[in-house]
2 protein chains.
Amino acid sequence: MHLDSNTSHQARPIRIAIVGHGNLGRGVEAAVAKNPDMVIAGIYTRRDPAQLKPLTVGVAVHHMDSLMGHKGAIDVLVLCGGSKDDLPRQSPELAAHFSLVDSFDTHARIPEHFASVDAAAQAGQTTALISAGWDPGMFSINRVLGEALLPDGATYTFWGKGLSQGHSDAVRRVPGVAGGVQYTIPIDAAVDQVRSGVRPELSTREKHRRECFVVLEAGADAEAVRQAIVSMPHYFDEYDTTVHFIGAEELAREHGAMPHGGFVIRSGNTSDANKQVIEYRLQLDSNPEFTSSVLVAYARAVHRMRQAGQFGCKTVFDVAPGLLSPKSAAALREQLL
Amino acid sequence: MHLDSNTSHQARPIRIAIVGHGNLGRGVEAAVAKNPDMVIAGIYTRRDPAQLKPLTVGVAVHHMDSLMGHKGAIDVLVLCGGSKDDLPRQSPELAAHFSLVDSFDTHARIPEHFASVDAAAQAGQTTALISAGWDPGMFSINRVLGEALLPDGATYTFWGKGLSQGHSDAVRRVPGVAGGVQYTIPIDAAVDQVRSGVRPELSTREKHRRECFVVLEAGADAEAVRQAIVSMPHYFDEYDTTVHFIGAEELAREHGAMPHGGFVIRSGNTSDANKQVIEYRLQLDSNPEFTSSVLVAYARAVHRMRQAGQFGCKTVFDVAPGLLSPKSAAALREQLL
């Protein structure tokens, strides 16, 4: 590990434990490798540890059952489970004993998740940051900053072009579908209007369209499948959706990546004469790898906040930008202000 | 004042005093009018207060000499003077007695300004935030976040298209020039390359070009003026510069506004296979009004940090996003996370 004299690295690197080793967990492994002030203390899984192959040579893989016994060897847990079943249970349970970061993204249930994690973290004197990533996460920060800087204005969030995991799952559950993916695509005309600062009112259908690439099961009725997809409540009925039928080979070859992104635009007036537009944009080759990079940067902040005695549940709104950087406050002022 | 039940507004609004009433000071007046949790406690000037016309009916104008006597009636000063002569003296002097925000933007002298303001604010138990605005300011935050989220990457800052005050002043100092303005313009080819994620190495000339609109004095030699401008060291010699000669009437009609903006792009890899690009972009009809809006949002944060006992000099790197918003932490989590 290289210790730059401009940094506030401590002699001991921050010890990150990864809980769960799907796309997100593998992304955390890759992200820690890019951050010289951190090391992976271990990967924890509910599967058979012998079956799990870490990306990094020499990284230890353990069963979840041994996590509590390793408490003294871990600074921050990065939880890589799902928001539906894993995190609502895991985050409060583990926050009682460990500082942690999760990517809980069920917007409607954030207040309740916050409350249960906060109670556990306050009692355990740990620091637990929930809902990190890009949305919720970086996009949320930009919604707050946009409102604060331009109180007389409107905020717009566009997603894509990108592969939506939830919508792809929904497509694959349709009878007759053997495989498929769904892309969310912002509509250019809407984006252009928003960027011009006129603050349009836009319907759901006017903001995004959806495009599906579907492999049919043998004998399935293409038109029936198409109808089932485009009329699916909540997922597709409020959008213009195009369905393309392709072969299994093309699906594997052309649609195996997980690109995503989008933008948050705040447009507002500082006076009657003057419009101002703020835009934050992400263009991601890999949605899970970027999400993991955000989790890892927030793990650094969480470690520092716990050391400073700031216990309890936190969100990205509670973290000063400087805490995310390995550089010292003086180096940041000198180099980046 | 409207008190929303979702906000953490206190019964008493934050009392902002404006020091200096140029473009920035007028922008602060306009910004406070957009923030219902704030009021203007007064405008302070070194000129004759009777000669100064506030934008807002009923706002009191005082001479600087009376500022110390009003200490109990002010929560935060927003300093609207210049970085060359005013702020290096004013900020430390006033930070001994008041919480404040300034927009000090002489990058090379930030460490020394920080040190003198910090000593005064620590002694006076005040909170003083320096170098707020958009660059330094919002752009700086995005440079720090970009590095922290994508440590294996490169950061690019582009300015414009916008009117540069410093370069316009330099043009107007050239003998034979009666008036003029200068626009800084990012070069599309460079921006496109950066957005593609290839991390190009770009020279100064490749990133921006400069365009001047100049009114000649009677009898001045246009070619001599053009040469003097395009060869001016530091300001123009490293750029491709175009000089247009126009009439005084056209200058007044077409070039009286102060638009600006630009973007910070971080491009990096989270793994060999995956590039990720983050872009933060501002498109401003009025540079001073936007800067003032940033100063006012940070005044809110400074007020809260002082109430929390966080004394000393701060920068935008030390301020959690939630502190900038009038909404409570719970409301932010519920509405914007």
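Two residues are in contact when heavy atoms lie within 4.5 Å. Keep that cut-off in mind for this predicted model. Start where chain A meets chain B. The contact takes 62 residues from chain B and 62 residues from chain A. Together the two chains bury about 5,800 Å². Carbon and sulfur atoms account for 60% of that area.

Now look at the polar side of the interface. Between chain B and chain A there are 30 residue pairs in polar contact, with both residues at pLDDT 80 or more. Which elements of chain B give two or more residues to the side that touches chain A? They are helix 3 (110–124), helix 4 (138–149), strand 13 (275–284), helix 10 (287–307) and helix 11 (329–336). Sort the residues on this side of chain B by class, and you get 31 nonpolar, 16 polar and 15 charged.

Follow chain A along to A:R281, and opposite it, in strand 13 of chain B, stands B:E279. The side chains of these residues, A:R281 and B:E279, also meet in a salt bridge, 3.3 Å from N to O. How many salt bridges does the rule find across the interface of chain B and chain A? It finds six.

Next, turn to the backbone. Most residues other than glycine have a negative phi, and most peptide bonds are trans. Some places here depart from that pattern. In chain A, the peptide bond from A:D135 to A:P136 is cis, with omega near 5°. A:P136 sits in the loop between strand 6 (127–129) and helix 4 (138–149) of chain A. In chain B, the bond from B:D135 to B:P136 is cis, with omega near 5°. B:P136 belongs to the loop between strand 6 (127–129) and helix 4 of chain B.

Stay in that loop of chain B to find B:S131, between strand 6 and helix 4. B:S131 is not glycine, yet its phi is positive, near 60°. Is B:S131 buried or exposed? It counts as buried, because its relative accessibility is 0%, and the cut-off for buried is under 20%.

B:Q125 is another residue other than glycine with a positive phi, near 50°. Find B:Q125 in the loop between helix 3 and strand 6 of chain B. With 46% relative accessibility, B:Q125 counts as partly exposed.

Terms used
Residues are numbered from 1 along each chain as its sequence is written. Chains are lettered from A and ligands numbered from 1 in the order in which they are written. This is a predicted model: local features need pLDDT of at least 70, side-chain atom pairs count only at pLDDT 80 or more; totals for chains, interfaces and linings use all residues. Side-chain values use heavy atoms; hydrogens and water are left out. Buried area is the accessible area (1.4 Å probe) that two parts lose on being put together, summed over both. A salt bridge is a side-chain nitrogen of Lys or Arg within 4 Å of a carboxyl oxygen of Asp or Glu. A polar contact is a pair of N or O atoms within 3.5 Å; within protein, one must be able to donate a hydrogen and the other to accept it, and residues adjacent in sequence count only if both atoms are side-chain atoms. Helices (H or I, at least four residues) and strands (E, at least two) are DSSP runs, numbered from the N terminus. Ala, Val, Leu, Ile, Met, Phe, Trp, Tyr, Cys and Pro count as nonpolar, Asp, Glu, Lys and Arg as charged, and the others, Gly among them, as polar. Two strands pair if DSSP finds at least two bridges between them. Buried means under 20% relative accessible area, exposed over 50%, partly exposed in between (1.4 Å probe, protein chains only).
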